[in-house]
Amino acid sequence: MIEISHLSKDYGGKAALSDVSFTVQPGQVTGFLGPNGAGKSTTMRILMGLETASSGTATIMGRPLAQHPAPLRTAGALLDARSLHPARKARTSLLALADSNGLPAQRVDEVLELTGLGAVADKRSGGFSLGMGQRLGIAAALLGDPQVLLFDEPVNGLDPEGVTWVRRLCRDLASQGRTVLISSHLMSEMAQTADRVVVIGRGRILADASLEEFTSRLGENHVLVGASDTTALGNALHAGGADVRRLDANRLDVRGFDAAHVGRVAFETQVMLSELTQVKTSLEDAYLRLTAAEVEYRSGVQTPQPQEVLR
Ligand SMILES: Nc1ncnc2c1ncn2[C@@H]1O[C@H](COP(=O)(O)OP(=O)(O)OP(=O)(O)O)[C@@H](O)[C@H]1O
C-alpha cells in the first residue's frame with residue numbers, strides 16, 4: 001500500500017505539490033493522471049526517496065522506502081527509462097543492480113524473459129529504441145519482485161503490441177495482490193487498465209475515485225437521436241425538461257433523458273426514429289472537464305459547437 005499524507009514540495013518558492021493526500025490500495029491498478037507539470041513525477045520521485053518533501057509524508061508499506069531493509073524488494077519504479085548506463089549491455093546493467101541489492105543473478109534472466117528482452121540482453125542499451133528502453137526500465141523495476149510498482153508513463157514510445165503488453169502486465173501484477181500506480185497521458189489506455197484514478201492538477205488532488213465513479217460523477221451522458229420530424233420531437237423533449245440541441249436536419253443531441261425515455265417521447269409524439277444511441281462519458285471527456293481550468297497552456301482549438309440550440 002502507498003500512503004501520501006499532506007505532501008508538499010516547493011522548488012525555489014514555486015509549489016510543485018500542495019497538501020497532496022491519497023492512498024493506493026493493493027490488488028488494483030491506480031491511474032495517476034494530470035496535465036504536464038501537475039506533479040505526478042515529483043510525487044513518484046518523493047515516494048522512491050529520490051527527492052525530499054518540503055512537508056508531509058509519503059510511505060510505502062507503512063514507512064518511507066529508504067527505511068525498508070531491502071528497498072528494491074519492496075518497491076520498483078520506472079521513472080526515467082534512460083536512467084540505466086547506455087554503454088552497458090542490458091544484462092550487465094541488471095546484473096549490477098541485482099548484485100548491489102543482494103538479488104540472485106538468475107532473477108535477471110527471469111525479468112529479461114518477462115519483458116521480452118531475452119534476444120537483446122547482450123546489446124548495449126544506448127542503442128535501444130524508446131520502446132525497448134521502456135521495457136528495460138520495467139525489467140529493472142520488477143527485479144526485486146516487489147509488492148509495490150510505480151510506472152511513470154510506461155507506454156511512452158511503445159507500439160500497439162507493447163501497449164497491450166504493459167496493460168496485461170499491470171493487470172497481472174494487480175491480480176497477484178500488488179499495488180500498482182501508473183501515470184499516463186493516454187486516457188483511452190487508462191480506461192482499459194486502471195481500476196481507480198487519482199487526478200492531480202497544479203500540485204493539488206482534483207479527484208480520487210473508482211473509474212466508474214469518476215466518469216459517472218463528471219459525466220454528462222447524452223442520447224443521439226435521428227428522427228423523421230426533429231422539430232416536433234425536439235419540442236416535445238424540451239417541453240418535458242430535456243436539454244435539446246440540433247446536430248443537423250435529421251439528428252438531435254439530447255441531455256437529461258436516457259434513451260428509453262427519448263424513445264417513449266418519440267412514440268407518444270408519433271415521430272419515427274432512425275437512430276437512438278446512448279452515449280456514455282469517456283474517461284477522456286471526464287478528465288478534460290476536470291482539468292480544463294488546470295492546464296497552463298491550452299491550444300486555441302475550440303470544440304465544434306452544434307449548429308443550433310433548440311429552446
Ligand atoms: N528539479 C526541479 N526543479 C525545479 N522545478 C521542478 C523540478 N522538478 C519539477 N519541477 C516543477 O514542478 C512541477 C511538477 O513537475 P512534475 O515533473 O512533477 O510534473 P508531471 O505531472 O510529472 O508532468 P509531466 O507529465 O510533464 O512529466 C512543474 O512545474 C515542474 O516544472
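Start by selecting helix α11, residues 283-291, where Leu283, Ala286 and Tyr287 are buried. Here a residue is buried if 20 or more other C-beta atoms lie within 10 Å of its own, exposed if 12 or fewer, and partly exposed in between, with C-beta atoms placed from the backbone. These residues sit on the same side of α11, because they cover an arc of only 100 degrees around the axis; the arc is that of the directions from the helix axis to the C-beta atoms. Helices (H or I, at least four residues) and strands (E, at least two) are DSSP runs, numbered from the N terminus.

A word on what is loaded: this is a predicted model, in which local features need pLDDT of at least 70, side-chain atom pairs count only at pLDDT 80 or more, and totals for chains, interfaces and linings use all residues. Residues are numbered from 1 along each chain as its sequence is written.

Two residues are in contact if their C-beta atoms, placed from the backbone, lie within 7 Å.

Next, select helix α9 (residues 230-239) and helix α10 (residues 259-269), whose axes come within 10 Å and cross at roughly 120 degrees. Axes are lines fitted to C-alpha atoms, for helices over the stretch in contact, and angles run from 0 to 180 degrees between N-to-C directions. The two helices α9 and α10 are therefore oblique to each other: angles under 35 degrees count as roughly parallel, over 145 as roughly antiparallel, 65 to 115 as roughly perpendicular and the rest as oblique.

Show the side chains at this crossing. On α9 the contact is made by Ala232, Leu233, Ala236 and Leu237, and on α10 by Val262, Val265, Ala266 and Thr269.

Now move to Phe257, in the loop between β12 (251-255) and α10. Is Phe257 buried or exposed? Phe257 counts as buried, because it has 21 C-beta neighbours inside 10 Å. Leaving aside residues up to four places away in sequence, Phe257 touches Val223, Leu237, Ala242 and Val262.

Finally, zoom out. The protein has 11 helices and 14 strands, and its C-alpha trace spans about 75 × 45 × 35 Å along the principal axes. Of its 311 residues, 37% count as buried.
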